[in-house]
Amino acid sequence: MSLVIANQLGPEFGALLAAHPVAPTIIDAPEERPWEAAAEADVLIVRPAPAWRAAPAAQKPGLWPGRLRWVCVASVGVDYYPPWLLDAPLVSCGRGVASEEIADYVIAAIYAQAKDLVGAAVTEAGQWGPRQLGRVRGTTVGILGFGAIGQAVARRALALDAQVTAVRRRDRPAGVAGVQLLGSAADVVASADHLVIAVPATAETRHLVDAALLAHALPHAHLINIARGSIVDQEALLAALDADRLAFATLDVTDPEPLPAGHPLYTHPKVWITPHISANYLAVRHLLADKITADLSRFARGERPSDLVDPALGY
């Protein structure tokens with residue numbers, strides 16, 4: 001009997017999966033209720049589509065996980081999905097696919113804030129004259145969360161002769177030579193000229209970056225959030241910016257997304273907001289395809305797919 005895969009990633013991905021040597025049968029996951037594919041599929045490949053936000057959260061559907069043996073989530077985080085998604089026998093995620101692109105965004109944000117070439121540009125002869133630019137070399141990039149994204153940021157920052165401090169939940173070596181692992185998030189915040197938020201969104205990390213943590217920040221520090229908006233207490237962030245306890249914030253994520261019209265973060269002079277684009281997914285779609293097809297080969301051999309989500313940790 002052919003392996004049945006319910007696909008929510010569109011016809012291009014469906015054709016790619018159908019061409020796999022295991023010759024699976026590909027069906028479309030229902031767009032409005034993709035979880036219903038559990039009744040007829042062995043594998044469900046999903047993306048963070050609006051339907052998942054509208055899924056029943058408190059109680060899983062009666063058919064879940066049905067005949068499913070593996071749910072493959074195209075995104076890195078699984079916070080977009082209802083908790084019962086993790087009741088499937090295996091749930092894997094897209095960890096690592098967009099890490100390099102996100103790290104490039106972080107470095108771009110650091111240089112944009114440090115050098116401010118837009119602000120330094122002149123449009124007439126009378127504006128010509130010396131001005132002081134900021135530096136990246138010799139500064140400290142602090143990273144909260146040291147998974148694939150944090151490590152990609154660290155490699156780039158070290159190559160620019162910056163110092164890197166980091167904290168991670170699990171007690172294990174940094175894995176990147178030159179990174180100084182510190183004992184707490186507060187220690188990292190206190191060390192950082194540029195503070196990168198790269199922890200997964202879980203119940204434990206909601207508003208991790210709150211007023212108490214921001215109290216440790218250097219007044220010239222630059223906060224960069226490429227993780228999830230829920231990790232930063234936005235009211236505390238605004239208060240820190242307004243009180244000059246923090247110099248700047250670059251936010252690729254907010255809570256909610258998008259922020260409601262008129263929200264003060266949109267027009268704050270010390271804030272840049274981009275619309276959750278740091279992953280640059282269209283540019284790395286081929287990497288996601290390679291990852292899924294490789295995992296499909298593993299699964300067909302009776303092996304576990306890569307980057308499984310730990311239901312107890314939520315990432």
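Predicted model: local features only at pLDDT ≥ 70, side-chain atom pairs only at ≥ 80, totals over all residues.
Start with the whole chain. Ten helices and twelve strands make up the secondary structure of the protein. The C-alpha trace spans about 75 × 45 × 35 Å along the principal axes. How does the radius of gyration fit with that of a compact globule? For 315 residues, such a globule would have a value near 20 Å, and the protein has 22 Å, which agrees.

Next, the surface and the interior. The accessible surface comes to about 15000 Å². Carbon and sulfur atoms account for 56% of that surface. Of the 315 residues, 48% count as buried. The contacts can also be sorted by sequence separation. Take those between residues at least 6 apart in sequence: 63% of them join residues at least 24 apart.

Now turn to a pair of helices. Two packed helices are described by the angle between their axes and the distance between the axes. Helix H1 covers residues 11-18, and helix H10 covers residues 281-300. H1 and H10 pack at an angle of about 35 degrees. Their axes are 11 Å apart. The crossing of H1 and H10 is right-handed. Which residues make the contact? From H1 come Glu12, Phe13, Leu16 and Leu17. From H10 come Arg285, Leu288, Ala289, Ile292, Thr293 and Leu296. By class, seven of the contact residues are nonpolar, one is polar and two are charged.

Most residues other than glycine have a negative phi, and most peptide bonds are trans. Ala23 has a positive phi, near 50 degrees, and is not a glycine. Ala23 sits in the loop between H1 and strand E2 (25-28). Asn280 also has a positive phi, about 50 degrees, without being a glycine. Asn280 lies in the loop between strand E12 (271-273) and H10. With a relative accessible area of 36%, Asn280 counts as partly exposed.

Where do the cis peptide bonds fall? One runs from Asp255 to Pro256, with omega near 0 degrees. Another runs from Glu257 to Pro258, with omega near -10 degrees. Pro256 is placed in the loop between strand E11 (248-251) and helix H9 (264-267). Pro258 lies in the loop between E11 and H9 as well.

Finish with a loop residue in the interior. Leu85 is found in the loop between strand E4 (70-73) and strand E5 (91-92). Why does Leu85 count as buried? Its relative accessibility is 1%, so Leu85 falls under the 20% cut-off. Which residues surround Leu85, leaving aside its neighbours within four places in sequence? Leu85 is in contact with Trp52, Trp64, Val71, Val73 and Val91. For a sense of scale, compare Leu85 with Ala243. These two residues are 158 places apart in sequence. In space, their C-alpha atoms are 42 Å apart.

Key: Residues numbered from 1 in each chain as written. Heavy atoms only, no water. Axes fitted to C-alpha atoms, helices over the stretch in contact; angles between N-to-C directions. Helix = DSSP H or I, 4+ residues; strand = E, 2+ residues; numbered from the N terminus. Left-handed = near helix turned anticlockwise from the far one by under 90°. Contact = heavy atoms within 4.5 Å. Nonpolar A, V, L, I, M, F, W, Y, C, P; charged D, E, K, R; others polar. Rg over C-alpha atoms; globule rule 2.2 N^0.38 Å. Buried < 20%, exposed > 50% of the residue type's maximum accessible area, 1.4 Å probe, protein only. Areas by Shrake-Rupley, 256 points an atom, 1.4 Å probe, with all protein chains shown as cover.
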